[in-house]
Amino acid sequence: MNFKVEFFKDSFIDAIEAGIYGIFIKKGNIEELLYIGESVFVLTRCTTHLYEIKKGEGYLGFSSKDLGDKEIELVFKLLESNSDSFTRKHNEKELIKQLQPIQQSGVSDRVRSVDKMIEDLKNFLENN
């Protein structure tokens, strides 16, 4: 991967625990929310996301071509610390409804199809 990754810049220690996180893509001065998730161990879960993206097989829309784009920055942010599983999962779904990440379908916490995610990411990258 040749793009920059910002990994919980202001909340690295808090991301070791449970919470809700967002994965953003940034190109130039434009930042777009790709995905919202929740985990008991946010930092660990997000390293798994990063590993899947690195494969370049369409995870969250990233192809192998995108992995070489030095203008891309992937930004991981802690949106909420929350150790209560029920509340965390509820709040995750509410944030998805409210913030409408481009790689999620709008149905609960599900993602779009791989083809749709690749298309959406390509559109973002071409228009920014």
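Leu-60 is found in the loop between helix H1 (42–54) and E4, where helices (H or I, at least four residues) and strands (E, at least two) are DSSP runs numbered from the N terminus. This is a predicted model, in which local features need pLDDT of at least 70 and side-chain atom pairs count only at pLDDT 80 or more, while totals for chains, interfaces and linings use all residues. Residues are numbered from 1 along each chain as its sequence is written, and side-chain values use heavy atoms, with hydrogens and water left out.

- Leu-60 counts as buried because its relative accessibility is 3% (buried means under 20% relative accessible area, exposed over 50% and partly exposed in between, with a 1.4 Å probe and protein chains only).
- Gln-100 is another residue other than glycine with a positive phi, here near 45 degrees, and its place is in the loop between H2 and H3.
- With a relative accessibility of 60%, Gln-100 counts as exposed, whereas Leu-60, at 3%, is buried.

**The loop that holds Asp-109**

- Asp-109 lies in the loop between helix H2 (85–99) and H3, and the position of Gln-100 is likewise given as the loop between H2 and H3.
- The relative accessible area of Asp-109 is 32%, so this residue is partly exposed.
- Although 74 residues separate Asp-109 from Tyr-35 in sequence, the two are 9.2 Å apart in space, C-alpha to C-alpha.

**Strand pairing around E2**

- E2 and strand E3 (residues 30–39) run antiparallel and are joined by 9 bridges; two strands pair if DSSP finds at least two bridges between them.
- Within this pairing, Ile-25 stands opposite Glu-32 in E3, and Gly-19 has Ser-39 as its bridge partner in E3.
- The hairpin of E2 and E3 has 2 residues between the strands, and Gly-28 takes a positive phi near 65 degrees there.
- E2 also pairs with E4, again in the antiparallel sense and over 9 bridges.
- Gly-19 takes part on this side as well, standing opposite Ser-81 in E4.
- E2 is mostly covered, with 8 of its 9 residues buried, and E3 is likewise mostly covered, with 7 of its 10 residues buried.

**Aromatic contacts**

- A search of the whole structure finds 5 aromatic pairs, counted where rings of Phe, Tyr and Trp (its six-membered ring) have centres within 6.5 Å, with planes under 30 degrees apart taken as stacked, over 60 as edge-to-face and the rest as tilted.
- Phe-7 is partly exposed because its relative accessibility is 21%, whereas Phe-8, at 1%, counts as buried.
- Phe-8 also forms a tilted aromatic pair with Phe-76, with centres 6.2 Å apart and 45 degrees between the planes.
- This second pair links distant parts of the chain, 68 residues apart: Phe-8 lies in the loop between strand E1 (4–7) and strand E2 (19–27), and Phe-76 in strand E4 (residues 72–81).
- Both Phe-8 and Phe-76 are buried, and together with Phe-7 they form one aromatic cluster.

**A charge over a ring**

- The charged end of Lys-77 sits over the ring of Phe-24, 4.5 Å from the ring centre; such a contact requires NZ of Lys or CZ of Arg within 6 Å of the ring centre and within 35 degrees of the ring normal.
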